[in-house]
Amino acid sequence: MRLYLEPTDGSIAVALGDEAPEGSQPLAVLPPLYPEWLGGRSFAEAHGARFAYVVGEMARGIASASLVIAAGRAGGIGFFGSGGLPLAKVETALDEISAALGPDVPWGCNLIHSPNEPDLEQALTDLLLRKQVRRVCASAFMALQPTIVQYAFTGVTCSEDGTVTRPNHVFAKISRPEVARQFLAPAPLDLVQQLVRDGRLTADEAALAEHLPVAEDVTVEADSGGHTDNRPLPALFPIIRQLALDIARAHSFAQPARVGAAGGLGTPAAIAAAFQLGADYVVTGSINQATIEAGISSTAKELLCQAGLADCTMAPSADMFELGVKVQVLRKGTFFPQRAGRLYELYTNHASLEAIPAAEREKLERDLFRQPLAAVWESCVAFFERRDPRELERARQEPKHRMALVFRYYLGLSSHWPIVGEAERRHDFQIWCGPAMGSFNAWAAGSFLELPANRTVEQVALNLLEGAAAIVRAGQLRSYGVAVPADAFEFRPRRLRLA
Ligand SMILES: Cc1cc2nc3c(=O)[nH]c(=O)nc-3n(C[C@H](O)[C@H](O)[C@H](O)COP(=O)(O)O)c2cc1C
């Protein structure tokens, strides 16, 4: 960008290309701003990533091994979506990523809190440690658990000159200050001591843990696809940013935790805004689900590519159905949100399946389950006999719990159908998605990125970052009092190559 003096009134103006008016005097050149310079310097140093750009985990392997590999090769950090997958599948994916990216390209995996299945959470933690996965995104934790503390401090050492080395990095995904606080501070002493007694941490590791935060990267998740508190980023981010500083000062940490921004990021301007808020790194989610590397069917990707800004809504979640917890899903092209909402209404209004009026039950059997409720219950029995027989015991005592298990059967399958592209169940697709998707689609309209076949993780990432750099730079110039033209804030998608 070149600055010049307007020949008519002597004001400072900007030339984006070679179009400065005749007779104008060149004044200055604004130095370049590279996408690599967006975000916290220490992020790149700590993780060895070229860009402060994270591709967030998406459950059931939607954030697939290929997607994580593509993110790493594009200079960002991808997190594998281990949620809801059997351990054997996670292990295969971790091996694939590790073999493809080698030791120098950063990547990670999701460690999702499973309150109902602590053994599964522990087994996943053990797997991540055994496979030496160096980055884990901790999500769904409302309180610290032994698993994440064990992961955070396993292998921590301190050299004679006082340099602390932490082989494992926790990215804590939070949307509330009270949860962030726990990750930003040292772990409670009793929890650490219990881990020592259980042989999961050594005494030396525990001693160091007393002086270190559990997480050195905290992702602030605003209104997003999937589970979300629906908070706007500008409301939430500054609070967590300040909290990170306050807690670091209170504990005399060498440096405060890095704070990342997630939720609603689908355009260069949104990415620029997140960095201007002070984000050390950005995380994208929904928009990556429509890339060719995502582990979901092409039918689902086509639906995602057609989504507009208002085409998502909140619907009951499968995992916390009884508590009334909701997830953000795609609304356009599927009846899932209405159908899941109806199930929740029935659940709250009736004491058991038998108490639901016959006409309503028939409708459910015909339209939603496409089989008698008794047959659905048999499938539930077969599933929980393997997975957790205690659920069946409880359901036999509590008819309402039996109803919840039957309804959750539909909710569970409805997120599987878009993954495999079950054509028969197209209208029941549960596709987790936030407004970032519609925002991205509007920006990409008319460009090569409009077509699903051109949406690669790399092109999406490079365009967002390059565009964000251009927009931040235009903003810098405007802050010097220069009359920056409106189109300086415009960045259209283009085919970019990693230099
Ligand atoms: C399809 C899908 C599945 C997701 N699954 C998970 C998950 O298993 N664990 C998790 O921590 N976050 C999950 N997320 C959240 C993303 O990692 C990311 O934080 C979020 O999507 C960012 O917000 P955005 O959707 O507005 O871009 C999921 C998001 C989507 C869209």
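Tutor: What follows is a close look at one helix and its surroundings. The model is predicted, so local features need pLDDT of at least 70 and side-chain atom pairs count only at pLDDT 80 or more, whereas totals for chains, interfaces and linings use all residues. Residues are numbered from 1 along each chain as its sequence is written, and side-chain values use heavy atoms, with hydrogens and water left out.

Helix 16 spans residues 399-420 (helices are DSSP runs of H or I, at least four residues, and strands runs of E, at least two, numbered from the N terminus). Its axis and that of helix 14, residues 373-387, come within 9 Å and cross at roughly 90° (axes are lines fitted to C-alpha atoms, for helices over the stretch in contact, with angles from 0 to 180 degrees between N-to-C directions). The two helices are therefore roughly perpendicular (65 to 115 degrees; under 35 counts as roughly parallel, over 145 as roughly antiparallel and the rest as oblique). Helix 14 makes this contact through L373, V376, W377, S379, C380 and F384, and helix 16 through R402, L405, V406, R408 and Y409 (contact means heavy atoms within 4.5 Å). By class, the contact has 8 nonpolar, 1 polar and 2 charged residues (Ala, Val, Leu, Ile, Met, Phe, Trp, Tyr, Cys and Pro count as nonpolar, Asp, Glu, Lys and Arg as charged, and the others, Gly among them, as polar).

With helix 12, residues 336-349, the axis of helix 16 comes within 10 Å and crosses at roughly 175°, and these two helices are therefore roughly antiparallel. On the side of helix 12 the contact is made by F336, R339, A340, L343, L346, Y347 and T348, and on that of helix 16 by K400, M403, A404, F407, Y410, L411 and S414; 10 of these residues are nonpolar, 2 polar and 2 charged.

Helix 15, residues 389-397, has E391, L392 and A395 buried (under 20% relative accessible area, exposed being over 50% and partly exposed in between, with a 1.4 Å probe and protein chains only). These three cover an arc of only 100° around the axis, which puts them on the same side of helix 15 (the arc is that of the directions from the helix axis to the C-beta atoms). The buried residues of helix 15 pack against helix 14 and helix 16, while the face turned away from them carries the exposed residues R390, R396 and Q397.
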